[in-house]
Every structure is written in structure tokens, then in C-alpha cells.
Amino acid sequence: MPDKWVDWSKNVRSKDYRGSSSFATFMIIGPVCFFLGILFAEFPYDFPLLWTSDPIEASYLDQLETHLKFVHQSPPLISRMLTIMIVTGFLGFFTKLFKASESNMLFDGASLVLYVIGVGVYIANIVKGLRFVSAGIWHAPDFAGNLPPSAQDVQGTDGRLVLGREDSLKVMAASNTILALVLVGVLVLQAGQWYAERKDNEEYERAEREAASAETEGSNNNNAASSSPATAAEKKANKKKQ
């Protein structure tokens, strides 16, 4: 990798090193935990769709659809807050990757890849699904997803099958699960960076102790060597006096 992107001389003891204890790390962990909290609040709604084999009742789908409509049609302040949190996470990554060290490129670079994947899942699946829920297309009489796959006009949809309401809600629930796993992966990588820094600091401290111990032993040997001739001379002088 070019040297203009990575400062190979930078380590955990460098003055401008931005590691796990920097404010940029807080800018990453804060939004990630914020989104994980939202996904945890959505888990009771997703659980019957993905994690149980019990039949799904139509009343439950109606309740879930009403909930998703309420979420999507919330005041603009909510969507702006979500956007601000997403941008804050990106700022944290870009701050840590500016003149990055090898550790930053390994842990923060991989975390940024997962973060981008999470944003892609959010925009492509979750936001798109919420728009479909608010539009109410599943209740249109001519909606192709209400028909079984064998009865759909595949030629009119470019060879693609149109999912019905239940399958679409399952896709959204699965997207929430994927997004949660991706965000947990970001936290794991940040924790791995903290652990690697801890081990590096321990290695540096041990090397410093060994160097200090070797220097102390060397000074003691020099003092012993310089005092030995004087002791021998004193013994000769004492013998002459006797």
C-alpha cells in the first residue's frame, strides 16, 4: 500500500496515533450502539417472522404493517437524526484513517467496509421496504405479489417474481438481522484493536524494563571493574607497611 495512505513508522506510542482511546473511536461506537438499540427494539416484531415455525396470522401482519407505517411516517426530525448518526460514524472512520497506521488500516479499514455494507442494507432493503409499506401497494387489487408465483406474469416483470406482503416483511426482518450482525462485527473489530494495542503496550513496557535492567547490570559491572584495581593497590600498600 502506498506510503501516502499509511504511515508505517506510526505505532501505539506515537503522539499522533488515533487508537481505541481516541475521540474518533467514540464517534464510531456511539452511532453503532445507537442503531443496535433501534434494531433491538424491532426484534419483538421480527421474531415471529423468522425465529418461530408457528403460522403467521393475518392480524399480526396488519399490526406489523401499522407499526412500520408509523415508523416511516414519523416527523422529519427522526430521519434527520438517523442521517446525522450515520454521518458521524463516517467522520469517525475518516478521522482514524487519515495518515493511518498499520493498525488503523487493519481494524478501522475492515470496520469501515462493514459499516458501508450496513448502510447499503439499510438503504436498499429497509428504507425501500418502508416506502412500500407506506404506499400500501400490497392492498392494491392489481398487485402481482398477491398472486402465487405460478400465476404471475413473469414477462411483464423482466423475469422477476414479485413478493407478497408476508415475504416482503420477512425480507425486512432478515435485513434487520443482517444489519445487526454487521454492526456487531464493527464493535468486535474495535475491541480487537483495543486488545492489540494493549498487547503492544505490554511488549514495549517489557522491552523498556529489559533495557533498563541491562543498563543497570552494565553500570554495576563497570563500577566493580573500576574498584578492583584500587582494592589490589591497597592490599599491596598494606603489605609494605607490615
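This is a predicted model: local features need pLDDT of at least 70, side-chain atom pairs count only at pLDDT 80 or more; totals for chains, interfaces and linings use all residues.
Local features here need pLDDT of at least 70 and side-chain atom pairs count only at pLDDT 80 or more, while totals for chains, interfaces and linings use all residues. Residues are numbered from 1 along each chain as its sequence is written, and side-chain values use heavy atoms, with hydrogens and water left out.

**Overall fold**

Let's start with the big picture. The protein has five helices and zero strands, which gives the pattern α-α-α-α-α along the sequence. Helices (H or I, at least four residues) and strands (E, at least two) are DSSP runs, numbered from the N terminus. Of the 242 residues, 29% are buried, where buried means under 20% relative accessible area (1.4 Å probe, protein chains only). Among contacts (heavy atoms within 4.5 Å) with a separation of 6 or more, 77% link residues 24 or more positions apart. The accessible surface (Shrake-Rupley method, 1.4 Å probe) is about 15,700 Å², and carbon and sulfur atoms hold 63% of that area.

**Core**

The largest nonpolar core contains 28 residues, and L49, L68, Y115, L169 and L183 have the most contacts inside it. At least two core residues come from each of α1 (23-50), α2 (58-72), α3 (76-97), α4 (102-135) and α5 (165-241). Such a core is a set of buried Ala, Val, Leu, Ile, Met, Phe, Trp, Tyr and Cys residues joined through side-chain atoms within 4.5 Å. Beyond four places in sequence, L49 touches I56, Y60, L61, L64, L169, K170 and A173.

**Largest pocket**

A pocket is an open set of points on a 1 Å grid over the protein atoms alone, where a 1.4 Å probe fits, with protein on both sides within 12 Å along at least five of seven lines; lining residues have an atom within 4 Å of a point. There are 32 lining residues, with V71, L82, Y122, I126 and L130 closest to the pocket centre. The lining has 24 nonpolar, six polar and two charged residues, and α1, α2, α3, α4 and α5 each supply at least two residues to it.

H67 lies in helix α2 and E42 in helix α1. The contacts below leave aside neighbours within four places in sequence.

| Residue | Relative accessible area | Contacts |
|---|---|---|
| H67 | 17% | E42 and Y45 |
| E42 | 14% | H67, V71 and N176 |

Note on methods. Buried means under 20% relative accessible area, exposed over 50%, partly exposed in between (1.4 Å probe, protein chains only). Ala, Val, Leu, Ile, Met, Phe, Trp, Tyr, Cys and Pro count as nonpolar, Asp, Glu, Lys and Arg as charged, and the others, Gly among them, as polar.
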